[in-house]
Amino acid sequence: MRAVVCSAALWLALAPPVAAQSTEAEVEKYRKMIAEDNPGELWEIKGEKLFMQKRGSKNVSLEQCDFGMGPGVLKGAYARLPRYFADADRVMDMEARLLHCMKTLQGFDHKAALKTKFGNLNRESDLEALATYIAAQSNQMPIDVRLEHAKEKEAYKIGETIFYRRMSKMDFACASCHADQGKRIRLQDLYNATNKTEIDRVMSGWPAYRVSNSTVRTMQHRLFDCGWQMRLPNVEYGSDWTVALHTFLSVSANGAKIGVPGMRR
Amino acid sequence: MKTKHIVLQGVGAVLLAACASAPEPVVTEATIQRVVQSSFSQIEYQYPPEVVARTNQDEGQKMCTAVRNEVAKIPPAQLDAFVGKSMKEIKYPAGGELMGDWKQGENIAQSGYGMRFGEGADDPKRPNGGNCYACHQVAPQEIAFGTIGPSLLGYGKHRGASAAMQKFVYDKVYNAWVTFPCSNMPRFGHHGFLTTEQITHVVALLLDPASPVNK
Amino acid sequence: MADPMKMRATLKGDTAEVRVLMSHPMETGQRKGPDGKVVPVHFIQNVEVKLNGKTVIEGQTSQAVSRNPVFSFRLKGAKAGDKIEVSWLDNKGDKNRTEIAIA
Amino acid sequence: MNETRRTVLKRTGATGALVAAFAAGLLRWQDLLAAGWNKDAFGSKTLADALKGIGAGSAADSTDIVIEAPQIAENGGVVPIEVTSKLPGTRSIAVLIEKNPFPLVAKFDFLEGAMPFVKLNVKMGESSNVRVVAEAGGKFFTTVKEVKVTIGGCGG
């Protein structure tokens, strides 16, 4: 589908060229105009309903799920994630923890729970709606990932290592696109993870409604999709790889005020 | 580059201060392999062995990652050996003509297709693309170009299209690291991402006087 | 019909700025589904805005309105406590409505 | 969702269907939202036919209609367009994308209490003029703005 858009016919239709400076101003205007109206707010409503709904083979809601602040406490929980959970003996981000609760509390089978982990034009994703609702309960709070447990520290280090690791058919690392200042891919600005202002702006706005996907995406999808473009095998949802990267990025954005769902191209 | 490191060190310093009692965890290649095992575990997806192997690093990727792409930090002997070996590995099209068709080159520059696996997998029967516009300005008509790499507008205008120039561009696209080790640019020929014939079309897009790049 | 709508209305002087979000696929009838068959055209055709029960805007829309439509309108002579109602009807006869009081 | 009603609506087109469905007792008056749907205008495949369909075959250019839209849209699936008419007594605003397969995208009628303003997101198949037609004092006025649809991100 994306490839079809990229046909050579397109540039022929684009002549005459617009000056580079006005291009960036107009793209900025586009982003500003779409950001004013964020359909992602509807995912928050859907997510709340799903959260309270009795589901799974055990027919219970997610209200007793412990996101790190105690069972059922959602306020501020997302701001502290990823973190170590003793009951699973691993570091989990919000999505990994949500999946864990769906399996342990509600009795979902692993594969069944992940069947609609990413929504598309044909079906909506329960996980995307639930994640939006859970994350929104930390709105206006600063990201506060603490790295107290040894496994949290290790996750951060692993995330940093992967971030700079060049791999696969394109020789890319995450850093190939996200460690330099003022670069863009096509017309898309690339955030610089080593710039505090930029990493703050990015990390405080996930989950985000993605205009090009017509759905809210979580960081799990963002990391999955980057890996896919790097020609890596598909990384698994909530896996150590993704949680480590998520930890590295979240710690880098500590202090940034959460405002979700964000809005992205 | 400098600023980047200062910022990172800053983050690191804060971390160290916060957890001064515990030793810094050491992440080795074995740690990464353990994470790969658990994160690409084939529960959700099944991969052919070639795809799983993409998480491993080849010699060049290892070399560049170790110094975070700061070539000056690579021992000169290692660098020379790497570049020499990479040069020798470059394959040329049968017949030896390096200047192809710029129009096909433009299609290759526009397309980012190929070798993506799993959800929304690419059809291996369709040609891969070089996705040049993702990072470079190329022909002036395309306004949606990236800035990770330098602008290539008018690339062949002053450089000409001599045999030496054609070979230089061909080699660069085939293996960008022979001219600039550890640059962000993928090694398209080295990884078999673009065919030798496709690379000649990209050469033409950049060097052919008839190409819009040089108008 | 459980898909939500969301509305916000803010007063600027005596003008109410109304923004409404709707969940709707807005299918163009030009896309193939996972089964390889064309997904039938399915889109909102009518949007109506009422202020205190009185119709103030009647809109007609096509399948070229973006998925999950968002509309903004401005109503004059509005004051705090006034009731705004927005409803839609699509080409299959599905419909939905939401209302709020201006804060 | 009532299956019978769905079938009726599909077969006969919305306006006729609403009348038929009402007559058949399938709909209540509350269900009839607006005054039907202009099937001819929305079904037109050319700009000229779409304009004729809304009665705006001869619209005069006007600078009193303001289109706020980005010159460049990073995604053709969502192009934000904001329209304000400064023409006194504006009764309606119609938005058309000239190069879309069906140019007419939306038409809003403003009654007492509404200002002639609307913002919405539209789909654009390719770079095109966005044309807005406003009706005021029994006459039609029009203006255009060009929007280029480009590629964003690392896809392709």
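Trainee: Which residues does D:Val95 touch, not counting those up to four places away in sequence?
Mentor: D:Val95 touches D:Ile81, D:Val83, D:Val105, D:Ala106, D:Val122, D:Val130 and D:Val132. Two residues are in contact if their C-beta atoms, placed from the backbone, lie within 7 Å. Keep in mind that this is a predicted model: local features need pLDDT of at least 70, side-chain atom pairs count only at pLDDT 80 or more, and totals for chains, interfaces and linings use all residues. Residues are numbered from 1 along each chain as its sequence is written, while chains are lettered from A and ligands numbered from 1 in the order in which they are written.

Trainee: OK, and which residues have the most contacts inside the largest nonpolar core?
Mentor: D:Val95 and D:Val122, in a core of 182 residues. A nonpolar core is a set of buried Ala, Val, Leu, Ile, Met, Phe, Trp, Tyr and Cys residues joined through C-beta atoms within 7 Å. Buried means that 20 or more other C-beta atoms lie within 10 Å of the residue's own; exposed means 12 or fewer, partly exposed is in between, and the C-beta atoms are placed from the backbone.

Trainee: Which helix gives the most to this core?
Mentor: Helix H7 (residues 126-136) of chain A, with eight residues. Helices (H or I, at least four residues) and strands (E, at least two) are DSSP runs, numbered from the N terminus. Another core, of seven residues, lies apart from the largest one, and B:Met63, B:Ala176, B:Val178 and B:Met185 are among its members.

Trainee: Back to H7(A), how does H4(A) cross it?
Mentor: At roughly 95°, with the axes of H4(A) (residues 40-52) and H7(A) coming within 7 Å. That makes H4(A) roughly perpendicular to H7(A). Axes are lines fitted to C-alpha atoms, for helices over the stretch in contact, and angles run from 0 to 180 degrees between N-to-C directions. Under 35 degrees counts as roughly parallel, over 145 as roughly antiparallel, 65 to 115 as roughly perpendicular and the rest as oblique.

Trainee: What's that contact made of, by class?
Mentor: Seven nonpolar, three polar and five charged residues. Ala, Val, Leu, Ile, Met, Phe, Trp, Tyr, Cys and Pro count as nonpolar, Asp, Glu, Lys and Arg as charged, and the others, Gly among them, as polar. A:Trp43, A:Leu50 and A:Phe51 are among the H4(A) residues there, and H7(A) residues including A:Leu130 and A:Tyr133 meet that helix.

Trainee: Switching to chains A and B, how many residues does each put into the contact?
Mentor: Chain A puts in 53 and chain B 59. On the A side, H8(A) has the largest share, with six residues. That side divides into 28 nonpolar, eleven polar and 14 charged residues.

Trainee: And at what angle do H12(A) and H2(B) pack?
Mentor: Helix H12 (residues 240-252) of chain A and helix H2 (residues 29-39) of chain B pack at about 120°, with their axes 7 Å apart. That makes H12(A) oblique to H2(B). A:Asp240, A:Trp241, A:Thr242 and A:Ala244 make the contact from H12(A), with B:Val35, B:Ser38 and B:Ser39 from H2(B).

Trainee: New topic: what secondary structure does chain C have?
Mentor: Seven strands and zero helices. Its C-alpha trace spans about 50 × 20 × 20 Å along the principal axes, and 43% of its 103 residues count as buried.

Trainee: What's the strand order in the six-stranded open sheet?
Mentor: E1(C)-E2(C)-E5(C)-E7(D)-E4(D)-E2(D), with antiparallel pairing. Strands pair if DSSP finds at least two bridges between them. E1 (5-12) of chain C and E2 (65-68) of chain D stand at the edges with a single partner strand each, so one side of each has no neighbour in the sheet. From one strand to the next the twist averages 15°.

Trainee: Which strand of chain D does E5(C) pair with?
Mentor: E5(C) (residues 70-76) pairs antiparallel with E7(D) (residues 117-122), over two bridges. There, C:Phe71 has D:Leu120 as its bridge partner.
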